[in-house]
Amino acid sequence: MKLQGVLFDLWGTLIHDTPERGRPRQAWRTNGVRDVLLAYDVDIEYDVVLRALDGASRTLTGLHDTGRDTDSLGRVAIFIDELAKETTARVPVDAYGGLEAAITRMPLELAPPAGPN
């Protein structure tokens with residue numbers, strides 16, 4: 001049988017994180033998403049964006065639990081679906097690239113630490 005792939009479990013195995021370290025990352029991401037939306041004249045309150053990001057995270061976890069995943073633009077689509085549950089604001093397609101960066105990237109100082117060897 002030919003080896004077709006190798007899987008790694010990140011959270012709790014290779015990466016060790018705590019809620020205290022996650023809160024600044026969550027705030028950075030929420031503010032980044034709000035900044036992108038504001039650049040396109042879509043003014044949505046911080047708490048609404050935060051809830052949509054949390055909902056998108058739960059949806060993504062549900063996908064992972066069934067062995068599925070999505071690419072970064074799929075994550076943007078999941079976020080927009082969650083956002084639509086709380087607001088009628090329309091996010092222009094031109095904002096997707098900025099949202100992709102705000103949702104999927106982070107500064108190194110906020111990255112979760114690697115676990116022990």
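Predicted model: local features only at pLDDT ≥ 70, side-chain atom pairs only at ≥ 80, totals over all residues.
Which residues in H3 meet which residues in H4? On the H3 side, pick Ser72, Leu73, Arg75, Val76, Phe79 and Ile80; on the H4 side, pick Tyr96, Leu99, Glu100, Ile103 and Thr104. Sorted by class, the contact of H3 with H4 contains seven nonpolar, two polar and two charged residues.

Next, show the two helices as axes. H3 covers residues 72-84 and H4 covers residues 96-104. Their axes come within 9 Å and cross at roughly 95 degrees. This angle lies in the 65 to 115 range, so H3 is roughly perpendicular to H4.

Now select Leu99 by itself and display its surroundings. Setting aside residues up to four places away in sequence, leucine 99 touches Val76, Phe79 and Ile80, as well as Val33, Val36, Leu37 and Val91.

Last, go to the segment after H4 and select glutamate 109. Is glutamate 109 buried or exposed? Its relative accessibility is 62%, so glutamate 109 counts as exposed, the cut-off being over 50%. To finish, draw a distance between the C-alpha atoms of glutamate 109 and arginine 68: the separation is 29 Å, for two residues 41 apart along the chain.

Key. Residues numbered from 1 in each chain as written. Heavy atoms only, no water. Axes fitted to C-alpha atoms, helices over the stretch in contact; angles between N-to-C directions. Helix = DSSP H or I, 4+ residues; strand = E, 2+ residues; numbered from the N terminus. Parallel < 35°, antiparallel > 145°, perpendicular 65-115°, else oblique. Contact = heavy atoms within 4.5 Å. Nonpolar A, V, L, I, M, F, W, Y, C, P; charged D, E, K, R; others polar. Buried < 20%, exposed > 50% of the residue type's maximum accessible area, 1.4 Å probe, protein only.
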